[in-house]
Amino acid sequence: MSAEREPIPPGAVSTIRGRWQRPALELVSKAVLAVSVVAVLVPGAVGRAIGVAVVAAIVAAPLLRVAWLVFRWTQERDRRFVITGLALLGVVGTGAVLAALGIGS
C-alpha cells in the first residue's frame, strides 16, 4: 500500500475527512471558553494577558484549519485549492505584518 495519495479525478469528491479535526476544535473551543472566564476573573495585567492569549487562540483556530486543509489539498494534488488557501493565508499574514508595523492605522 502506497503512502502517497492519488490525485482526485475531475468531477470526483475529495477524500479529505475531518476525523479528528472536529473533536479537536470542540476541545479547543471549550478550553478557550474556560480560559476566557479565568481572564475575566483575574484582575490587572495578568487578566489582560490571558485575554490577549484567548483572542489570539480564537483568531488562530480558523487559520490553522486552512493551513491543515492546504496540507491535505497538497496531498490530494488539488492545485486550485492549494493556491486559494495559500493566497488566503498570505492576505491574512500580510495584514498582520502591516498591522504590527502600524501601517494603515
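Partly exposed here lies between buried, under 20% relative accessible area, and exposed, over 50%, using a 1.4 Å probe and protein chains only. Leu86 sits in helix α3, residues 79-101.

A word on the source. This is a predicted model, where local features need pLDDT of at least 70 and side-chain atom pairs count only at pLDDT 80 or more, while totals for chains, interfaces and linings use all residues. Residues are numbered from 1 along each chain as its sequence is written, and side-chain values use heavy atoms, leaving out hydrogens and water.

Now the whole protein. How many helices and strands are there in the protein? There are three helices and zero strands, in the order α-α-α along the sequence. Helices (H or I, at least four residues) and strands (E, at least two) are DSSP runs, numbered from the N terminus. The protein has 105 residues, and 14% of them count as buried. Its accessible surface comes to about 8000 Å², with 72% belonging to carbon and sulfur atoms. Those areas come from the Shrake-Rupley method with a 1.4 Å probe; for residues, only the protein chains shown count as cover. As for contacts (heavy atoms within 4.5 Å), take those with a separation of 6 or more: residues 24 or more positions apart account for 54% of them.

Next, the aromatic rings. The whole structure has two aromatic pairs. In one of them, Trp68 and Phe71 have ring centres 5.3 Å apart and planes at 35°, so the pair is tilted. The rule is that rings of Phe, Tyr and Trp (its six-membered ring) pair if their centres lie within 6.5 Å; planes under 30 degrees apart are stacked, over 60 edge-to-face, and the rest tilted. Trp68 and Phe71 are about one helical turn apart, because they are three residues apart in helix α2, residues 44-76. Trp68 is partly exposed at 26% relative accessible area, and Phe71 is partly exposed at 43%.

Last, the surface. Which residues form a nonpolar patch there? They are Leu33, Val37, Val40 and Leu41, with about 440 Å² of accessible area together. Patch residues have over 30% relative accessible area and no salt bridge; like charges are joined within 9 Å, and nonpolar side chains (Val, Leu, Ile, Met, Phe, Trp, Tyr) within 5 Å. A salt bridge is a side-chain nitrogen of Lys or Arg within 4 Å of a carboxyl oxygen of Asp or Glu. Leu41 belongs to helix α1, residues 21-41, and is exposed, at 67% relative accessible area.
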